[in-house]
Amino acid sequence: MKKTLLSLGTAALLGLVSASASASLINVGGVVWNPDANNTFPSAIDFTGGGSVLENAVNPPSVTQVTGWGAINSINSQAVGGNQASFCPGCELTYTFSMDLVSITNGATNFSFDNLVVNVYRDYSNDYANTLATSSNGDLWLKLVLHPGTFLTGFGTDIGTGSDQGFGGADLDAVGGLAQSNFDTNTKILGSDVVFNSHFQPVLDGNGNVTGMLSGGITLTGNTIPEPGSLALLGLGLAGIGFAQRRRSAK
């Protein structure tokens, strides 16, 4: 009976500790998000970041590498215009990426890229001006690379012509930056950490001609690890259980 009560008490305490941990805001280098704000079925997704993208279009065989950049303006929010003021108070979250074309097939409809690297920066200068230079300054907050054996793949129309439009997606691993340990969870498909999705369309000049640049949006989704404070709380809870068990044994 005592063991049963102890087990129930342990479960209750762990439940309280878990609830407290899951309800805590995560703050990494001044970037703050609520992991309880964006849960979806069938698996909990506690981080969804979205923003703009600008990138060059491929034009094989002369141009086969894509370089892109942008700003993340929302985290776990559907607010019109984003919620940068709340998730990055006094700062901005920008990113750059690069990747190499592998193939375009089925009449310029399907495509795949390799060597995708995404670098996310936290910057207190707040100088983002939709350029590569202002997207890549600041401190490296998160570095993501393609999960081994995978590619960024997608589909669209007029791929490789400068009038590209379509969608792409990839499975990424967290390998660097201030927030690496938070995102390195191996909880996405194939044991990856973050899902990258993008959509794009051509940028036209004032006369309606293609410029060789594409614009659109991106999303980064994944599960994040509770901040050290929550883990410490869990440790204290387990220590208390162990102390209670020793007192009962002594009696």
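Trainee: In which element does Gly 154 lie, and what makes that element a strand?

Mentor: Gly 154 belongs to strand E8. Helices (H or I, at least four residues) and strands (E, at least two) are DSSP runs, numbered from the N terminus. Please note that this is a predicted model, in which local features need pLDDT of at least 70 and side-chain atom pairs count only at pLDDT 80 or more, while totals for chains, interfaces and linings use all residues. Residues are numbered from 1 along each chain as its sequence is written, and side-chain values use heavy atoms, with hydrogens and water left out.

Trainee: Why is Gly 154 called buried?

Mentor: Buried means under 20% relative accessible area, exposed over 50%, and partly exposed in between (1.4 Å probe, protein chains only). Gly 154 has a relative accessible area of 15%, so the residue is buried.

Trainee: Which residues is Gly 154 in contact with, leaving aside its neighbours within four places in sequence?

Mentor: Contact means heavy atoms within 4.5 Å. With those neighbours within four places set aside, Gly 154 meets Thr 109, Asn 110, Phe 111, Phe 167 and Gly 168.

Trainee: How confident is the predictor in the chain?

Mentor: The pLDDT is the predictor's confidence in each residue, from 0 to 100. Its mean over the chain is 85, and 78% of the residues reach 70 or more. Over residues 2–22, however, the pLDDT stays under 50, and the model has 15 contacts beyond four places in sequence for them. Residues 227–238 also have a pLDDT below 50, with 13 contacts in the model beyond near neighbours in sequence. Where pLDDT is low, the predicted coordinates should not be read in detail.

Trainee: Which residues touch the most other members of the largest nonpolar core?

Mentor: A nonpolar core is a set of buried Ala, Val, Leu, Ile, Met, Phe, Trp, Tyr and Cys residues joined through side-chain atoms within 4.5 Å. The largest nonpolar core has 41 residues, and those touching the most other members are Trp 33, Leu 116, Val 118, Val 120, Trp 141, Leu 172 and Phe 183. Beyond four places in sequence, the residues touched by Phe 183 include Trp 33, Phe 47 and Trp 141. Trp 33, Phe 47, Trp 141 and Phe 183 form one aromatic cluster.

Trainee: Why is the pair of Trp 33 and Trp 141 called edge-to-face?

Mentor: Rings of Phe, Tyr and Trp (its six-membered ring) pair if their centres lie within 6.5 Å; planes under 30 degrees apart count as stacked, over 60 as edge-to-face and the rest as tilted. By this rule there are 10 aromatic pairs. In Trp 33 and Trp 141 the ring centres are 5.8 Å apart and the planes stand at 80 degrees, so the pair is edge-to-face. The pair links distant parts of the chain, with Trp 33 in strand E2 (residues 31–33) and Trp 141 in strand E7 (residues 139–146), 108 residues apart. Both Trp 33 and Trp 141 are buried.

Trainee: How do you know that Cys 88 and Cys 91 form a disulfide?

Mentor: A disulfide is a pair of cysteine sulfur atoms within 2.5 Å. The sulfur atoms of Cys 88 and Cys 91 are 1.8 Å apart, and the two residues form a disulfide. A search of the whole structure finds one disulfide. The link of Cys 88 and Cys 91 is left-handed, with -125 degrees about the S-S bond. Cys 88 counts as buried at 1% relative accessibility, and Cys 91 is buried with a relative accessible area of 1%.

Trainee: What makes Asp 139 and Arg 122 a salt bridge?

Mentor: A salt bridge is a side-chain nitrogen of Lys or Arg within 4 Å of a carboxyl oxygen of Asp or Glu. The side chains of Asp 139 and Arg 122 meet at 2.3 Å, N to O, in a salt bridge. Asp 139 lies in strand E7 and Arg 122 in strand E6 (residues 110–123), so the pair ties together parts that are 17 residues apart in sequence. Asp 139 is partly exposed, with a relative accessible area of 41%, whereas Arg 122 counts as buried at 8% relative accessibility.
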